[in-house]
Amino acid sequence: MRIGKPKDVAASPLRDWIDTAAVRTKPSLTDFKLSGNADEIRNVRWFARGTADELLSHPLLGRLTIAERNGLYAARLLHFLDDMVLTEHRIVNVAAQVIAENRLRAFLPEQWAIDALKLYTDEGYHAYFTAQASRSIRDVFSLETHDGPNVKIAALEALVAEVPPQQRDMAWFMVGFVGETMITKAIVDAMRGNAHSAIDALLLAHLEDEWVHAKYFSQLFTRVWPQLPSADKAFFGRLLPRIMLAFHTWDVGFYRHLLGQVGLQASECEQVLSKVVSGSSQIGRTRQMCANTLQVLARCEVFKDAHVRTGFMTAGLLDLDQAHRLAL
Ligand SMILES: [Fe+2]
Ligand SMILES: [Fe+2]
């Protein structure tokens, strides 16, 4: 059993957590409320996105009124926030528990394991204030609650369940690593489409914590990967692209329901969905959102292994040029 000696341990990105974490410094986020009266919010364009928004810039949605368009934006934001709440405690905090309980003690110093409890606390707080915001948006727009299973969470849990029990802790670590090096881009993307100051403030507070979490998980991955035996490198090298794609599983049922609600005929719904929810769009989005994750993998020379490289290429997450460069 290898345990890093204190003198070997680099400073953790979470070292200033007491003075900087949102849970310590921004208690007001728990009082989130949407300002303005319900009619104003419904009828003023307060979500701003241009043609970069494939779904909402689709010609078949051009006939919608501002109120209908705002309702669509709001339902999608609500879906994003609800998904975030679940991801925090059902996915990220499972990975944080694995680290905090020192179950990866063969690879990681104990101080970094203790720091996982700070991350765990952050995610609980993010889940809480995000759930508050979600409820507020749902009330203003009179939106339905979606109680159905979350397809992304189900895909990730199914993936880990396939892993042999002795490798499951490491699989959760890999899931945490992908999720936490990717989420900053997802939050920035959500902020880009939003023009409401209270929601922006909340997303920014979350983003500031997530920059630290991304650094923390990158640091851990950089320590773990070189220590893995080659058979494990091959195994997790094959699992990583599947984790990345699972994180971007489209909830087709949700979008179909949403488009039906604003009056699109079944054939029109399928036309819109075939453009924005196709396999290539899932791969494109995964590549875009996982750019930081892919950079960390390249830095750690994960792609030097030809089988791993091929696995990423087959999944569509690396193109031929990149693969050639990374092989050198
Ligand atoms: Fe978070
Ligand atoms: Fe996080």
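Leaving aside neighbours within four places in sequence, which residues is D305 in contact with?

**Entry 1: basis.** I note that this is a predicted model, in which local features need pLDDT of at least 70, side-chain atom pairs count only at pLDDT 80 or more, and totals for chains, interfaces and linings use all residues. Residues are numbered from 1 along each chain as its sequence is written, and chains are lettered from A and ligands numbered from 1 in the order in which they are written.

**Entry 2: D305.** I looked up the contacts of D305 and found K233, A234 and G237, with neighbours within four places left aside; contact is defined as C-beta atoms, placed from the backbone, lying within 7 Å. D305 sits in the loop between α13 (291-299) and α14 (306-314); helices are DSSP runs (H or I, at least four residues), numbered from the N terminus. I recorded 15 other C-beta atoms within 10 Å of D305, so D305 is partly exposed; the term lies between buried (20 or more such atoms within 10 Å) and exposed (12 or fewer). From D305 to S230 I noted 9.6 Å, C-alpha to C-alpha, across 75 residues in sequence.

**Entry 3: the core.** I then turned to the largest nonpolar core, which has 78 residues; such a core is a set of buried Ala, Val, Leu, Ile, Met, Phe, Trp, Tyr and Cys residues joined through C-beta atoms within 7 Å. Helix α4 (residues 66-100) gives the most to this core, with 15 residues. I99 is among those with the most contacts inside the core. Not counting residues up to four places away in sequence, I99 touches L104, L108, A113, A116 and F173.

Methods:
Helix = DSSP H or I, 4+ residues; strand = E, 2+ residues; numbered from the N terminus. Contact = placed C-beta atoms within 7 Å.
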